[in-house]
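Visitor: I would like to know how the labels put on a structure follow from its values. Could you take me through some of them?

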Amino acid sequence: MKKLVSMTMAMAMMAALFVACGDDGTDDETPPPAVPTIALDGGDIDQPQEITNPMSVKVSVTAPGAIAGFTVTIDSPALTAEMLATAGLATELNLVNPGSMAEALGALGFPSGEAVSGKTALTFDISALVPMIAAIYEETSDHKFILKVTDAKGQSTTKTLTCHLTAAPTIALDGGDIDQPQEITNPMSVKIGVTAPGVIAGFTVTIDSPALTDEMLAAVGLAAELNLVNPGSMAEALGALGFPSGEAVSGKTALTFDISALVPMIAQIYNETSDHKFILKVTDAKGKSTTKTLTCHLTGKAALAYNNDADLWANTATVTTANVPDGGSVQYRIKGAAD
């Protein structure tokens with residue numbers, strides 16, 4: 001009998017414990033809300049995004065459990081702490097509790113405060129900010145935005161959005177400043193170094209010269225517009241001058257365009273003081289282009305020519321001068337005389 005009573009009491013206690021556990025306010029069968037998600041509209045947030053201008057960089061955030069925390073950490077050689085401070089920002093942005101940065105965030109169109117806290121979905125649009133990087137920074141580089149979203153249940157998700165900047169092509173004159181006129185001499189070195197981290201997709205040279213006219217260039221199989229990637233019928237003539245073309249240009253990240261043999265020839269066929277321009281445009285596979293104008297200046301040599309019009313009866317003769325420098329004059333004397 002005692003054993004039966006003990007078993008009955010034990011079962012009653014277990015039943016009471018079970019009821020108590022079921023009445024503690026928790027529903028064990030209700031699953032927790034889905035963890036927050038962070039996705040790039042129209043792209044893969046886990047893959048680097050090439051910086052262009054303009055570009056769309058919209059990040060969609062969902063948090064079924066309601067957003068309780070949203071931070072953005074900026075890791076960029078362009079958007080430094082000092083640079084961001086000038087705009088009232090920092091490398092660590094707290095969109096739920098923005099503090100003194102609220103106004104600066106709003107100026108960029110970033111949500112903050114009540115526009116973030118407690119929300120189950122929102123868009124973080126940095127389309128205006130990212131292209132600015134290319135305006136203040138030129139080197140090939142990665143610029144990272146580390147986004148962390150935490151919901152009211154303590155569940156969090158972190159994603160890193162990497163924006164990649166490929167430097168635009170560069171065009172430089174070896175041993176000189178391409179933006180300054182270069183005096184034509186013979187001999188002279190005119191080597192142009194081209195770099196294109198995004199690989200060369202287009203390279204044109206436009207010649208604007210009173211000496212290298214369409215007619216003169218056509219005589220040697222060339223034209224005023226040279227396409228070094230797609231030279232067409234000019235390939236052989238370009239090669240004869242030592243100019244790279246076709247596969248020697250397309251897809252390359254660096255090359256030298258050497259016109260040291262061509263430029264001095266200008267002085268041999270032309271003698272007037274003048275400018276002779278080579279307009280170079282390089283475009284990479286990402287659509288970025290750079291244009292530079294190389295100006296070669298020719299100072300015409302002073303020349304004196306007898307006009308074959310001596311008049312022995314009048315004791316006169318005339319000569320014609322060309323390219324007399326400012327302040328210059330023509331002097332004459334009797335042959336053999338000192339004065």
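Guide: Start with contact, which means heavy atoms within 4.5 Å. In this predicted model, Ser260 touches Met188, Ser189, Val190 and Lys191, once residues up to four places away in sequence are left aside. Ser260 itself sits in the loop between strand E14 (254-258) and helix H7 (263-269).

Visitor: Why is Ser260 called buried?

Guide: Buried means under 20% relative accessible area. Ser260 has 17% relative accessibility, so Ser260 counts as buried.

Visitor: What makes the approach of the Ser260 side chain to Asp258 a polar contact?

Guide: A polar contact needs a pair of N or O atoms within 3.5 Å, one able to donate a hydrogen and the other to accept it. The side chains of Ser260 and Asp258 make such a contact at 2.6 Å, so the distance is inside the limit. A polar atom of the Ser260 side chain also lies 2.8 Å from the backbone nitrogen of Val190.

Visitor: Which strands form the open sheet, and in what order?

Guide: The open sheet has three strands in the order E9-E11-E14, with antiparallel pairing. Strand E9 (170-173) and E14 are called edge strands because each pairs on one side only. From one strand to the next, the twist averages 20°.

Visitor: How do you know that E9 and strand E11 pair?

Guide: Two strands pair if DSSP finds at least two bridges between them. E9 and E11 (residues 191-195) have four bridges in the antiparallel sense, so they count as paired.

Visitor: Which peptide bonds are cis?

Guide: One joins Asn53 and Pro54, with omega about 5°. Pro54 is in the loop between strand E2 (49-50) and strand E3 (58-62). Another runs from Asn186 to Pro187, with omega near 5°. Pro187 lies in the loop between strand E10 (182-183) and E11.

Visitor: Why does Asn308 get the label exposed?

Guide: Exposed means over 50% relative accessible area. Asn308 has 66%, so Asn308 is exposed. Asn308 is a residue other than glycine with a positive phi, near 55°, and is found in the loop between strand E17 (303-306) and strand E18 (319-322).

Visitor: Are Phe70 and Phe124 buried or exposed?

Guide: The limit for buried is under 20%. Phe70 is at 0% relative accessibility, so Phe70 counts as buried. Phe124 has a relative accessible area of 1%, so Phe124 is buried.

Visitor: What makes the pair of Phe203 and Phe257 edge-to-face?

Guide: The ring centres of Phe203 and Phe257 are 5.8 Å apart and the planes are at 65°, so this pair is edge-to-face. The pair links distant parts of the chain, with Phe203 in strand E12 and Phe257 in strand E14, 54 residues apart. Phe203 is buried at 0% relative accessibility, and Phe257 is buried with a relative accessible area of 1%.

Visitor: Which residues do ring pairs link into a cluster?

Guide: Ring pairs link Phe70, Phe110 and Phe124 into a cluster.

Visitor: How many helices and strands are in the chain, and what share of residues is buried?

Guide: The chain has seven helices and 18 strands. Of its 339 residues, 33% are buried.

Definitions and conventions. Residues are numbered from 1 along each chain as its sequence is written. This is a predicted model: local features need pLDDT of at least 70, side-chain atom pairs count only at pLDDT 80 or more; totals for chains, interfaces and linings use all residues. Side-chain values use heavy atoms; hydrogens and water are left out. Helices (H or I, at least four residues) and strands (E, at least two) are DSSP runs, numbered from the N terminus. Buried means under 20% relative accessible area, exposed over 50%, partly exposed in between (1.4 Å probe, protein chains only). Axes are lines fitted to C-alpha atoms, for helices over the stretch in contact, and angles run from 0 to 180 degrees between N-to-C directions. Rings of Phe, Tyr and Trp (its six-membered ring) pair if their centres lie within 6.5 Å; planes under 30 degrees apart count as stacked, over 60 as edge-to-face and the rest as tilted.
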